[in-house]
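Please find below my notes on this model.

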Amino acid sequence: VFDDGDCIELGFPKNVVDTELPSQKIKSAEQISRSKMDEYEINGSSKWDEYMSATSAFLNCGLPNFIEERLDIPSFPAFLYEALREGGKAWPLKPHSDVLDATFESNKMRALASFQDLYVGLEPYSNPKDFFGGVLRKTAPAVFGLLAAIELHPTNDKAGVFAPIGGFRAVEEAFQRLAAEKGVGTMLGKTVTKVQSDGVYFCDTDNDDSSSEFLPADLVIVNADLPFATETLLNADTDAQPRYDWDDKYDFSSGVIAFHWSVDKSLDDLNTHNVFLEASTCERAEQSWTSIRSPNVDNDGDSIEPFNFYLHRAKNTDPTVAPDGCDSIMVLVPCSTLSRNQDYAKLSRSEAIDKYKEQFDEETIAKTREAVYQRLSAIDSLQDVEQHIIDEVVDTPATYGDLYNVGAGTPFALSHGFGQLSLTRPAAESKVPNVLFVGASSRPGNGVPLVLIGAKLVAEKAKRFLSKRAKETSE
């Protein structure tokens, strides 16, 4: 959904297995979409096909070789062809905007091809103030077009977005059942306060003043966000009391203000996944990525910078999320991260979190909410949506930091510039012996698929470590 109210659908799978989506309906929707692309610019749909071809090759080569860490030689010829054709038009190491400008003429087509860069905490625009256009830090290299292929490519067998029935909690509960079946014990209501090479200290989650207990371990796997863990849990200079702090030497993704709304009417004009994009002018389109380029810049004054945002309507795929005639939606708005204050590290965890919550006060949240209402009003049936909200939960970087132990309060973890990508991203192995990291800020990166791939790789490392330890002990 563009800022002028124009809407376009993307993502039309060729092999349909869902009987609720007959192939003829998909073909009709795809034709409407392609016609719109041709209205945006001459041969817009053909240029989209060209772009999808390149991103599919990047996905097919990038996933096994650089994410799953397994050599897949057959994927390289197509990758090299797409990277080198027409004088390197789609060269994957360029700033993403360089490839977009070489491929498309309209702001709308560029926006459609690049909004996924937000997922990895990067902007598509080349930054003339940084080396190599910013790809070492906050600008997405063109190879991240593979994210578009994951979501939108019509035939790539790696493409597709899946939504678990019952929400993502259902996945969590499934993991817990599997663990229980293997004899794994789970301690709830406990918080780890310090990690050592021989075990962990922990205390009651809801009581900062409770005394810490020690749990010995042969190996510790830390799934708290790596920048938080290295500064708060593994820091030899800290005590075993609950704290909240993080190592700010890294580049972080943007923060998020999330609105979770229960609505007393059905919002049938929304798809499952909806992205609201700024594309009226080149200047506003670039301004909409401010929270990525300058993640610690505050919004002062009566208005906020233009922004893109994501809206999820789960009821399209999961009717259990709301009663008949009602709905439930989540709106994710990129924002600044938390600004670290080292003095807060000396406070108790609850006191520190309260201080950080002040960085996102009610005025900031209210301005953001009103801006979202205004953008939603581009859809006729949503012009009065605020009058139908019967319950609201708001999350900010401070609440994400509190709930999930993420550094800088960003749920998207470290950004993915070349300085923090693949081999340059923090490894699973800690400097502290017998400790491994898992999660979005370590290799291979953020997002559910990458985190699960990383978890599998760490599990294999843990098995090898423990097998070797057992063998040494028995000798």
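1. Burial. A residue is called buried under 20% relative accessible area, exposed over 50% and partly exposed in between, with a 1.4 Å probe and protein chains only. On that scale, 47% of the 475 residues in the chain are buried. This is a predicted model, in which local features need pLDDT of at least 70 and side-chain atom pairs count only at pLDDT 80 or more, while totals for chains, interfaces and linings use all residues. Residues are numbered from 1 along each chain as its sequence is written, and side-chain values use heavy atoms, with hydrogens and water left out.

2. Overall size. The radius of gyration, taken over C-alpha atoms, is compared with a globule rule of 2.2 Å times the number of residues to the power 0.38. For 475 residues a compact globule would have a value near 23 Å, and the chain agrees with its 23 Å. Along the principal axes, the C-alpha atoms fill a box of roughly 70 × 55 × 50 Å.

3. Secondary structure and contacts. The chain has 14 helices and 10 strands, taken as DSSP runs (helices H or I, at least four residues; strands E, at least two) and numbered from the N terminus. A contact means heavy atoms within 4.5 Å. Of the contacts with a separation of 6 or more, 68% join residues 24 or more positions apart.

4. A nonpolar core is a set of buried Ala, Val, Leu, Ile, Met, Phe, Trp, Tyr and Cys residues joined through side-chain atoms within 4.5 Å. The largest has 49 residues, and Val222, Trp261, Val372 and Leu376 have the most contacts inside it. Elements that each supply at least two residues of this core include strand 5 (255-263), strand 8 (327-335) and helix 12 (362-376). Helix 12 gives the largest share, 5 residues.

5. Trp261 and the second core. Leaving aside residues up to four places away in sequence, Trp261 touches, among others, Asp327, Arg369, Val372, Leu376 and Glu392. A second, separate core of 25 residues includes Trp48, Leu152, Ala258 and Leu332.

6. Helix 14. This helix (residues 448-474) has 27 residues and reaches 39 Å from its first C-alpha to its last, close to the 39 Å expected; the expected span is 1.5 Å times one less than the number of residues. Its buried residues are Leu450, Ile453, Gly454, Leu457, Val458 and Ala462. They pack against helix 2 (44-67), strand 4 (220-222) and strand 10 (435-437).

7. Cysteines. How many disulfides does the structure hold? There are 0, a disulfide being a pair of cysteine sulfur atoms within 2.5 Å. Cys61 is buried at 0% relative accessible area, and Cys335 is buried at 9%.

8. Backbone details. Most residues other than glycine have a negative phi, and most peptide bonds are trans. Arg443 and Pro444 are joined by a cis peptide bond with omega about 0 degrees; Pro444 lies in the loop between strand 10 and helix 14. Ala413 has a positive phi of about 65 degrees and is buried at 2% relative accessibility. Ser422 has a positive phi of about 55 degrees but is partly exposed at 24%. Ala413 is in the loop between helix 13 (397-404) and strand 10, and Ser422 is found in the loop between helix 13 and strand 10.
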